[in-house]
Structure formats: structure tokens, C-alpha cells
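Take a look around the structure first, and then read on.

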Amino acid sequence: GHAGEATAPNITVPPFNYVDASAALATKSNPLPNIAVMSGVTASSVPNYSTPAVAMTGPIEADMDPFTPPCRTAIAKFCPDVEPGRNRVFHCLVTHGRAPLPRASLNVPSVSEMQAEGLEEECRDAVDAYRMEMAMHPLTMNFALRNLCAADARRLCSQHLPGPEGTRGGNELALKTCLIDRKAKVATQCLHTLLSIQIAGAQDLRLEPVTYAACQKNIATFCNSTRPGRMRLRHCLYRARAKLDQGCQDALFNSEARRADDVRLNPAVQRACSGDIPKLCPGVEPGQGRILACLEVNRQSASMSSECAREIFQFQKIHVADFRLDARISHHCRRDISSLCSPPDTLFDFGFLEFSEKLGSKDGLVLQCLKLKQLELKSHACSREVHRLVRTTVDSLKLSAPLRNACQPDARRLCRSADDEEDEDEDEDEDEDDEEEDGKDDKDDEEDEDSDDEAGDAHDGNMFTHGQHDALMCLHHKRRNVSDACKAELFKQEIIKSQDVDYNPALRESCASEIQELCKGQPHDGSVISCLERHVADGGASVTSKCKYAVISFAAEMSQDFRLIPAMRQECQADISRLCGNLTAFGPGTGRVTFGGRVIHCLRQKREIVRAPKCRAAVDLTSRLAAQNIRTDRRAVLACRNDLRKFCPNIRAGDGRAWECLSKREGELTLMCSVLVREHQRIAASSVNYDGAVRSQCSAEIASFCGDVAPGNAAVLECLRTHVTEPGFGPACKTVTIARIASGLANWRLDHRMHQACKADAASRCGHVGGNLADDTSGETVACLVDSHLDVSDTCQTQLARSLRNALLLHATPHAQSTLTRACEADMAAFCPQVRAGRELSRCLEEHRTKLLDRRCQTIVDLAGSAQQASIDTLDALRKGISELPTMQARLQDISEVVRTATPGTYDKLLHAVEKNRSLVSSAIAMILVIVAFAFFALIVWACRNITSRTKGYTTFVPKDG
């Protein structure tokens with residue numbers, strides 16, 4: 001398979017006389033110091049692999065000696081007509097009697113893929129020794145490399161070519177390393193030769209002289225009984241990686257990094273996936289990590305064989321330790337890594353100066369940085385590769401180096417299983433397997449290969465199964481009992497998962513049809529998740545119950561911290577600092593990682609003064625979800641857990657049912673739960689969007705009667721009230737609508753319109769009532785406003801009148817009686833004994849207004865009556881027309897004429913307003929004159945200063961330098 005006879009120009013190399021057998025044997029076992037990769041390796045620092053099979057001289061004629069005793073019989077038998085030279089005898093011995101192993105259509109020749117079968121043990125040792133000699137001197141003994149890579153060597157690596165007098169050793173290895181590092185730029189024939197060299201080194205560590213030299217002492221210490229070949233030495237060193245010296249670790253890392261871009265350089269993966277590659281990755285060209293990335297994406301596919309899946313998992317487990325071991329990340333993300341993930345950006349304190357900074361290992365921090373900052377990446381290619389990385393690793397404990405380092409002890413302590421026991425014993429089992437393999441007869445090569453495959457499959461094989469996913473879920477469920485380091489890493493993992501629906505298999509699978517039909521084309525920035533949440537918050541009519549449950553479960557997990565909601569993390573920083581800084585200034589608290597929903601709760605309470613539009617939209621969405629299902633309100637779940645078990649054990653969550661149940665038992669709830677229920681009631685009173693019960697029970701009525709009414713300011717609820725008696729209004733909606741009106745009558749803060757219109761008047765005129773005007777269920781605040789109705793604002797008076805009309809309409813309705821109408825009970829009994837409620841009661845009281853015994857009841861009737869409503873409208877019209885009258889005297893006369901036709905209460909009101917207007921108008925005129933005079937004076941001063949400034953070449957607003 002080697003093109004050793006090609007006609008490409010040779011690189012001039014001086015002749016070299018190889019040592020004979022006796023000299024080689026004398027130096028074969030000499031120990032040499034370890035070295036690190038890329039540290040200027042020379043022939044004197046690398047073990048001498050000279051072999052007695054070498055007896056010919058000169059680079060052109062280099063070959064195994066056909067008359068050497070170990071292989072004389074085999075050469076005579078298998079290669080009698082082969083002319084020595086250019087390694088022809090060597091290739092004959094290596095390739096005879098067996099065809100190359102299948103390469104899954106990756107047609108790259110490799111001597112290492114062929115085994116020297118039928119040879120005696122001494123001859124096989126001689127062939128191995130000659131192969132190691134070739135690896136040590138690639139320029140003088142590998143004719144394919146010398147001939148096919150000559151032009152590329154002169155173009156790309158001229159600094160490593162021999163000088164006029166020539167040298168050997170260090171220059172040759174440096175030249176080979178240089179070409180391998182630049183193989184993306186070499187010609188195809190040279191590329192195939194370099195790949196062949198790398199494949200041989202991957203199979204047998206001894207064929208990577210630099211790595212082998214750096215790890216020689218460690219091999220003698222930890223792998224002395226391990227037989228070379230089939231990646232055994234690599235696996236042995238990897239198992240002992242924590243005990244290796246730094247030079248060996250560096251050498252192994254560089255070796256892995258150079259092999260990370262091609263499946264052909266990972267023999268275990270290629271062998272296990274030879275049947276899967278054509279099926280799962282058809283048409284994907286090898287190189288640049290393309291096939292490996294394809295296999296990673298399909299690792300959990302039902303079409304992939306279990307053997308291939310295990311090897312891919314093992315490959316990923318090694319390569320998640322450093323971004324340089326992922327060829328595609330390393331290539332596409334250089335600029336983003338430089339700008340976003342340079343220290344100290346990889347510390348991820350999220351506003352905490354000390355917490356995350358001190359926890360966990362630094363392994364894999366750059367990859368973790370890219371995952372956490374995926375929404376900030378500038379390069380589309382980098383974002384695509386990070387998306388692939390997260391999607392293929394997010395469900396496993398051992399496919400994130402920081403997570404694995406921090407949580408593995410907790411997983412073994414809290415989530416121990418038979419799989420974990422196997423995982424602890426796997427190193428011992430593999431060592432036993434190696435010892436058994438060494439003791440087998442060499443004639444059983446095929447059985448030996450099967451044993452190697454089984455050993456490789458057993459290595460961390462349990463981690464591919466659901467065991468690792470289950471371990472991660474177990475840690476999440478028991479996170480109260482894990483270490484602080486593990487808590488921090490689990491939280492970061494949740495942040496990563498929150499960024500895309502693709503990172504949440506359960507959500508993605510449960511909502512597959514909804515994603516295609518309702519959220520198609522949404523970008524990978526959390527928008528798909530937000531889209532699903534919006535449809536669920538709107539009632540979920542177009543969402544299946546399976547998808548709705550998955551969305552609610554996901555939202556419940558994310559509700560523990562604002563940083564788990566991408567829109568809040570990206571858009572709400574300024575508002576959080578301004579409105580909720582007291583919660584975030586010092587972090588979540590000792591021993592905590594999340595804020596427990598406190599920051600989200602703070603934003604909901606202050607949603608009306610949130611400034612950033614996208615932040616306001618995110619807060620609105622979380623509020624709507626919480627109204628639908630109490631599980632998505634972390635604060636309520638924690639505070640009301642026991643109350644729900646006690647009072648609502650059989651209530652099915654969803655459609656606001658849990659909130660309704662708790663509201664009915666408000667007086668019996670624990671203190672904190674009661675507070676949160678009242679807060680929910682106040683938020684729900686502002687809009688039906690935040691009232692799950694109204695949205696679920698009145699969806700048809702809202703569409704029929706209030707379709708053109710925009711939500712907010714309780715407008716839809718008021719619309720439902722005005723249509724509650726009309727035909728087509730369902731009984732369920734009627735019940736919940738009356739219940740909401742009754743709640744507003746019982747507690748004025750639950751009447752959103754009245755509270756917004758009258759809170760300033762209540763604070764100024766009724767501040768002594770009800771403490772600090774908290775939830776007043778006694779009605780004293782509203783009674784105070786009724787007594788001060790002549791002094792309150794017009795908007796407050798309008799809403800007060802509406803509330804009083806509702807109180808009279810619902811006076812006889814069970815559970816809807818208002819304390820507002822208690823003042824009229826005696827008059828009702830005296831003048832309207834047969835009328836209990838409704839418009840008839842209002843008319844009856846209005847007809848007997850002059851006879852009513854209670855003065856407050858007279859005021860209530862005046863405010864609530866239809867004549868009073870007309871007079872209020874007249875008052876508004878009069879005030880609007882005041883500005884059109886020529887003089888104040890004329891205004892007063894016209895007002896008096898109209899007012900005399902109104903009710904007495906209105907007449908008193910208007911006289912009071914006129915007296916206030918007289919002084920207000922005089923004050924306003926004086927203020928306007930002062931403002932005009934000041935503005936004129938300021939204009940003159942500014943003009944003078946501006947003229948002076950321009951003579952100096954600048955103005956106050958435009959500096960000289962522009």
C-alpha cells in the first residue's frame with residue numbers, strides 16, 4: 001500500500017552506516033531520561049532501537065537483511081523473489097499471508113493494520129524492531145515520506161531539513177512533527193503517508209519515539225507487564241494518568257491532540273464503528289474531525305451499534321478534558337476563546353467574588369466557558385460546534401471534566417449502584433485482562449484480538465448506558481446533600497441546559513410535534529423553549545398534555561434562579577441591580593448556589609417598573625406560567641408545600657387550581673404561604689393573563705365578548721362583569737367572575753382599578769386606617785374614601801362609584817357580601833324589604849334617598865346611582881368646557897345653572913371644585929409668568945456666552961477635537 005517507488009524528487013540525505021547486531025544489543029536496554037514533546041528531541045535522547053535485522057547500508061538500499069538468522073526461513077518461504085532495498089523485504093514479511101483489515105471505505109494504506117502472521121517469534125521481534133528503527137529515522141528509512149513529501153517539506157518545514165553536511169535524529173523527528181502539524185496544507189499523497197505514520201504510532205506507542213521516550217520511566221513503573229501493540233500501552237498509561245510525571249502527561253496530551261482530527265488515527269473507534277460509519281455518516285469525508293463529530297451526534301441513535309457507542313463514549317470522555325482535544329472546537333473557536341474565555345473569564349462567579357472561583361478543577365474550563373457563554377459567541381461556526389458539543393455531552397456525568405471532578409465522589413456516595421462498583425474495579429479488571437493476554441499462546445491471535453475488544457468495551461462501558469444519566473439525575477434530586485463544589489457544577493450544568501431545547505431530551509421528545517408546528521424556525525438561543533412556554537401559559541389549547549407536563553416540569557426547575565432563564569440572564573441585569581440589588585449583592589447565601597426564586601419573585605412584584613422591554617417580557621412570561629401552575633413558582637412551592645399536602649391533597653396542578661384551593665383556605669394557611677397567596681391574588685387582579693382559573697374557565701367568553709379588549713389594568717375582567725348576565729355566558733365563567741368581583745369588594749387591593757386610582761388618596765386621607773394600608777378586609781379604607789369622596793381625585797371617585805355599584809348588585813350573592821353595604825342594611829330592611837340585590841335594589845334605595853336614615857348610605861346611593869353617574873359625566877364635560885368660557889364670572893354662572901338641575905350631592909361637589917379652581921387658576925397664572933421671565937433671562941445669558949465661546953474656536957457642546 002505504500003508508494004515507495006514514486007518518482008517525486010528525493011531529499012538529499014547523506015549515507016549512514018547502521019550499527020550491527022552486537023552493538024545494537026549492547027545498547028538496547030540503556031535507560032534514558034524522559035523528555036517532553038516538542039522539546040528538541042535528538043537521537044541521543046531517544047532510546048536506540050537498532051536491530052540485528054539491519055545490515056544493509058545507505059538510505060536507498062535500506063531494508064531488512066534477507067540473510068539475517070531470525071527471518072532467513074520466513075524470507076525464503078514468503079519472499080524468495082523480492083529484491084532487497086527500499087524496504088521491500090520488510091513489507092513482504094509484514095503483509096504476507098493476510099489482507100488488510102476493513103477500513104470502512106477510508107482507503108488509506110497502513111502497515112500497522114497488517115499483522116505478521118505465520119512468522120516465528122524471533123522474526124516478529126525483528127520486524128517490530130525494524131519498524132521502530134524506521135519510526136526513529138523517518139527521513140532516511142521511510143521512502144514514502146522522503147519521496148512523496150519532499151515538496152511539502154521544502155515549502156512548509158524547510159527549517160528542519162538537513163544542512164549541506166547533514167545531520168540525523170532530531171531534525172528527522174522535527175521534520176515529521178512539522179509535517180503532521182501542517183497536514184491540512186500538504187498534497188494528497190503526502191497526507192496519506194503522514195496518516196499511515198500516525199496510525200502506526202496510535203496502535204503502538206513505541207512507534208512514536210518522542211512520546212515513548214517521555215513516558216519510558218512511567219511505562220517501566222506502571223506498565224511493565226503490558227504487551228505493546230493494539231493501544232495497550234496507551235490504555236495503561238491513561239489508567240495511571242494521575243500518577244504520571246508532567247513530561248509524560250504533556251507528551252500524551254500532544255499525541256492525543258494530533259490524533260483528534262481523524263477517525264483513522266483512532267484505531268479502536270475505527271474498528272468498532274467500521275459498520276456504522278457508512279450507515280450513519282454517508283458521504284462524510286474523513287479529516288478535520290468530521291466523521292468523529294458525526295459519530296458523536298449519533299451516539300444515542302438506535303441505529304448505532306453498542307460497540308461503536310461505547311468506543312465513542314470512551315473517546316469523548318478523554319477529549320472533554322481540553323478544548324485542544326476537540327479538533328473542530330480548536331479550529332473554529334479561537335477568536336471566541338481569546339475574547340470570552342481567557343482568565344479570569346473562565347471563573348464564572350456570576351456576580352459572586354469568591355464562591356465558584358475556589359471550587360472544582362480547572363480541567364475543561366475553557367470548554368465549560370464556551371458552553372456557558374454560547375449565546376455570546378460571535379462566530380457562527382463556533383456556535384454550531386459548541387451546540388454539537390453540548391448536545392452530545394450534557395446528559396452524562398463523565399462527559400464534562402469540571403462536573404466529573406467535582407461530583408464523582410458524591411455520585412459514588414449517594415448514587416451508588418452495581419454499575420458504580422464495576423466502574424471502580426474496571427482498572428483492576430483491565431490489568432488482569434492484559435496479564436491473561438500476555439500468557440496466551442501467540443498462535444491464538446484472533447482470540448487475543450477478541451479479548452482486547454472486550455476489554456476496550458468494558459472500559460467505562462457502563463458510562464454509556466443510562467447509568468450515567470441516572471447518576472446525574474440522582475445528584476440533582478439529592479443536591480442538598482452534595483458538596484459545595486458539586487452544587488456549583490450542577491448549577492452551571494443547568495445553565496447550559498437552559499439555553500436550548502436540544503439540550504433537554506425529555507422536553508425535545510415530548511414536544512416534537514409542537515416544536516415543528518408552533519415554534520419552527522426559532523433560533524438556538526432559548527427561543528424554542530420560550531415559544532413552548534408561551535403556548536402553555538396561554539392555556540395550552542394547541543399543546544398536548546404530554547408536552548404541557550414536560551414544559552411545566554422544565555419551567556419548575558428553571559424557576560429556582562433567574563440565571564437559568566436565558567432572557568433574564570441576558571436582559572435583566574440592569575433592572576435586577578436597580579430593583580433587587582439587596583438580594584444579589586452578596587450572592588445566594590452561605591452553602592447555597594441558587595437564589596431559590598427570590599430574584600424572580602422580586603421582579604414579578606415590581607414588574608410595572610421594569611425598564612428593559614425584553615426583561616419585562618420575560619418577567620411577564622414567568623408570571624403567566626406561575627398563574628397556570630404553582631409548580632413554576634419556586635417561592636410558593638417551598639412556602640406552601642405543607643399547606644398543599646394538608647388542604648389540597650387531591651387537587652391536580654394546572655389551570656390555577658392549586659392557587660384557587662389555597663385562596664379558599666387563606667385564613668388557615670401558614671404565615672409565609674398566606675403572604676404569597678395574597679401577592680398572587682394582587683398580581684392576578686391586574687390581568688387575566690396572571691389568573692389561571694379565569695383563563696381556563698372563561699376562554700370561550702373572553703373570545704366571544706372581550707376579543708377586542710387588550711389585557712392589562714383588569715380590562716378583561718371588567719368586560720366579563722358587564723356581560724355576565726348575557727345569554728351564552730357559561731356558568732363556570734360566571735362563577736369565577738363573580739368570585740373575582742367579590743374578592744375586590746372584600747379587599748380593596750384586589751380591585752386593581754380602584755387600588756391604582758385611589759392608593760394616593762387613601763395614603764393621604766386614610767393613612768391612619770388599616771395600619772399602612774396593607775390588605776384591608778374590614779372595609780375601613782373604602783369607608784374612609786366614601787366619607788372623603790368630595791376631596792378625592794376624579795379617577796378615584798369613578799372607580800369608587802363602580803365598586804359601590806358592584807357591591808349593591810352582589811349584596812345577596814353568597815360569599816360576595818361587601819362590608820361597604822353594611823351602612824345601608826337598616827334602610828334596606830325599612831324601605832326595600834322585598835328586594836335583596838341587583839339593579840332593583842339600587843333603584844329602590846335611590847327612590848327613597850331623601851328618607852334614608854344613614855348619611856353614609858345616602859352617599860353610597862349618590863355615588864352608585866345612575867343619576868350620580870350622569871352627574872359625574874356632566875362634571876367632566878363642564879370642567880372640559882371651563883376653558884372655553886370668556887371670564888371666571890361667566891364660568892361660575894354657567895356652572896351654577898347646570899348644577900341646580902343635578903342631585904344635591906353633585907351640587908355640593910361642584911361648588912367645592914369651583915372654590916378650588918379659583919385659587920388654582922390664580923396660582924397657575926403667576927407660575928407661568930415666573931417661568932416665562934426666567935426662560936427669557938436664561939436665553940439671553942446663553943446667547944452671550946455662546947457668542948464668546950465661538951470666538952475662542954469651540955462651544956460648550958462641541959470640543960475642539962470634535
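What follows is a short tour, from the whole chain down to single residues.

**The whole protein**

Keep in mind that this is a predicted model. How many helices and strands does the protein have? There are 53 helices and zero strands. Of the 962 residues, 51% count as buried. Take the contacts between residues at least 6 apart in sequence: 67% of these join residues at least 24 apart.

How confident is the prediction? The mean pLDDT of the protein is 75, and 72% of the residues reach 70 or more. Two stretches call for care. Over residues 97-116, pLDDT stays under 50, and the model has 41 contacts beyond four places in sequence for this stretch. Over residues 165-170, pLDDT also stays under 50, and here the model has 13 contacts beyond four places in sequence. Where pLDDT is low, the predicted coordinates should not be read in detail.

**Helices that meet**

Two packed helices are described by the angle between their axes and the distance between the axes. With that in mind, let us visit two pairs.

Start with helix 30 (residues 527-537) and helix 31, which pack at an angle of about 115 degrees with their axes 10 Å apart. Angles of 65 to 115 degrees count as roughly perpendicular, so helix 30 is roughly perpendicular to helix 31. The crossing of helix 30 and helix 31 is left-handed. On the side of helix 30, the contact is made by Ile 529, Leu 532, Glu 533 and Val 536. Helix 31 brings in Cys 547, Lys 548, Val 551, Ile 552, Phe 554 and Ala 555. Sorted by class, the contact of helix 30 with helix 31 has eight nonpolar, no polar and two charged residues.

Now move along to helix 44 (residues 752-765) and helix 47 (residues 794-809). Their axes come within 8 Å and cross at roughly 130 degrees, and therefore helix 44 and helix 47 are oblique to each other. Helix 44 takes part with Arg 753, Met 754, Ala 757, Cys 758 and Asp 761, which meet Thr 795, Cys 796, Gln 799, Leu 800, Arg 802 and Ser 803 in helix 47. The residues of the contact of helix 44 with helix 47 divide into five nonpolar, three polar and three charged.

**A covered helix and a buried loop residue**

Helix 20 (residues 365-372) is mostly covered, with seven of its eight residues buried. The buried residues of helix 20 are Leu 365, Leu 367, Gln 368, Cys 369, Leu 370, Lys 371 and Leu 372.

A loop residue can be covered as well. Asp 561 sits in the loop between helix 31 (545-558) and helix 32 (566-571). Is Asp 561 buried or exposed? Asp 561 counts as buried, because its relative accessibility is 0%. Leaving aside neighbours within four places in sequence, Asp 561 is in contact with Phe 491, Val 593, Thr 594, Phe 595, Gly 597 and Ile 600.

**Apart in sequence, together in space**

| Pair | Apart in sequence | C-alpha to C-alpha |
|---|---|---|
| Ser 743 and Ala 685 | 58 residues | 9.2 Å |
| Asn 218 and Ala 240 | 22 residues | 9.0 Å |
| Leu 414 and Leu 475 | 61 residues | 7.6 Å |

Ser 743 belongs to helix 43 (residues 731-746) and counts as partly exposed at 29% relative accessibility. Asn 218 is found in helix 11 (residues 216-222), and Asn 218 is buried, with a relative accessible area of 5%. Leu 414 lies in helix 22 (residues 401-414). Not counting residues up to four places away in sequence, Leu 414 touches Cys 474, Lys 478, Asn 481 and Val 482.

**Two residues with positive phi**

Most residues other than glycine have a negative phi. Asp 655 has a phi near 55 degrees, a positive value. Asp 655 is in the loop between helix 37 (634-647) and helix 38 (657-664), and counts as partly exposed at 24% relative accessibility. Asn 713 has a positive phi near 55 degrees. Asn 713 lies in the loop between helix 41 (699-705) and helix 42 (715-722), and Asn 713 is partly exposed, with a relative accessible area of 43%.

Notes
Residues are numbered from 1 along each chain as its sequence is written. This is a predicted model: local features need pLDDT of at least 70, side-chain atom pairs count only at pLDDT 80 or more; totals for chains, interfaces and linings use all residues. Side-chain values use heavy atoms; hydrogens and water are left out. Buried means under 20% relative accessible area, exposed over 50%, partly exposed in between (1.4 Å probe, protein chains only). Helices (H or I, at least four residues) and strands (E, at least two) are DSSP runs, numbered from the N terminus. Axes are lines fitted to C-alpha atoms, for helices over the stretch in contact, and angles run from 0 to 180 degrees between N-to-C directions. Angles under 35 degrees count as roughly parallel, over 145 as roughly antiparallel, 65 to 115 as roughly perpendicular and the rest as oblique. Contact means heavy atoms within 4.5 Å. Ala, Val, Leu, Ile, Met, Phe, Trp, Tyr, Cys and Pro count as nonpolar, Asp, Glu, Lys and Arg as charged, and the others, Gly among them, as polar. pLDDT is the predictor's confidence in each residue, from 0 to 100. A crossing is left-handed if the near helix is turned anticlockwise from the far one by less than a right angle, and right-handed if clockwise.
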